[in-house]
Amino acid sequence: MSYFFIQINLSGQHIVHLCEGDTLENFAVPFHNGSSYNWFIKGPPNIANIISGNGTEHIQIDLNNTGVFWLHVLETDINLCIALDSILVEVHPKPNPLIYADGNMFFCEGDFVTLISDSVYTNMLWNNGEINSKVIIDTAGIYFVDVIDSNGCTNRSNEIDLVVHPKPV
């Protein structure tokens, strides 16, 4: 599974949609020479943790649980003037894809089995390159599907190990 970093610049009256379990999410405000920055989270306990950067214009947070919280930054400039900015963050659950075999997972050469995902997601990619919710498999191996839901959250399904027996001579 690939990971990427995004930097979110705070601007009042916006909501950011992120995913449970995401780590090292970047948040930033414009840097002003001589300013100090105090970041804090207002929301359910343990929904998110500031991992690094508090005191600077850029922080990283880990998202622990689903729900909604406010992320605030209090900036004090060189003249001791104070400004507050905030953003509403909604943390969505990761999808939980489940795949199953519609048939026997042990079959003879020349036969096949259909693997099916329990749901249709915005994006689906099976480890054999297929992109549908059902795939027909005639080759031994371990199969799974990576999915992205409508909130942009990703996850990998369970694995299914298929065994193909050679035909007798």
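The classes here are buried for under 20% relative accessible area, exposed for over 50%, and partly exposed in between, with a 1.4 Å probe and protein chains only.

Before I go on, some housekeeping. This is a predicted model, where local features need pLDDT of at least 70 and side-chain atom pairs count only at pLDDT 80 or more, while totals for chains, interfaces and linings use all residues. Residues are numbered from 1 along each chain as its sequence is written, and side-chain values use heavy atoms, with hydrogens and water left out.

So what does arginine 156 form a salt bridge with? The partner is aspartate 146, and the closest N and O atoms are 2.6 Å apart. Arginine 156 sits in strand β16 (residues 154–156) and aspartate 146 in strand β15 (residues 145–148), so the pair ties together parts that are 10 residues apart in sequence. By salt bridge I mean a side-chain nitrogen of Lys or Arg within 4 Å of a carboxyl oxygen of Asp or Glu. Strands are DSSP runs of E, at least two residues, numbered from the N terminus.

That rule gives two salt bridges. In the other, the side chains of aspartate 22 and lysine 94 meet at 3.8 Å, N to O. This pair links distant parts of the chain, 72 residues apart: aspartate 22 is in the loop between β2 (15–19) and β3 (25–28), lysine 94 in the loop between β8 (82–92) and β9. Buried or exposed? Aspartate 22 counts as buried because its relative accessibility is 18%, whereas lysine 94, at 32%, counts as partly exposed.

Next, the sheet. There's an open one of three strands, ordered β9-β11-β13, with antiparallel pairing; two strands pair if DSSP finds at least two bridges between them. The edge strands are β9 (99–102) and β13 (134–137), each pairing on one side only. Strand β11 (residues 113–117) is joined to β13 by four bridges, and valine 113 stands opposite isoleucine 137 in β13.

Last, the cores, meaning sets of buried Ala, Val, Leu, Ile, Met, Phe, Trp, Tyr and Cys residues joined through side-chain atoms within 4.5 Å. The largest nonpolar core has 17 residues, and Phe27, Trp39, Leu63, Phe69, Leu71 and Val89 touch the most other members. Elements giving two or more residues to this core are β2, β4 (36–42), β6 (58–63), β7 (67–76) and β8. A second, separate core of 14 residues includes Val113, Leu115, Tyr121 and Ile137.
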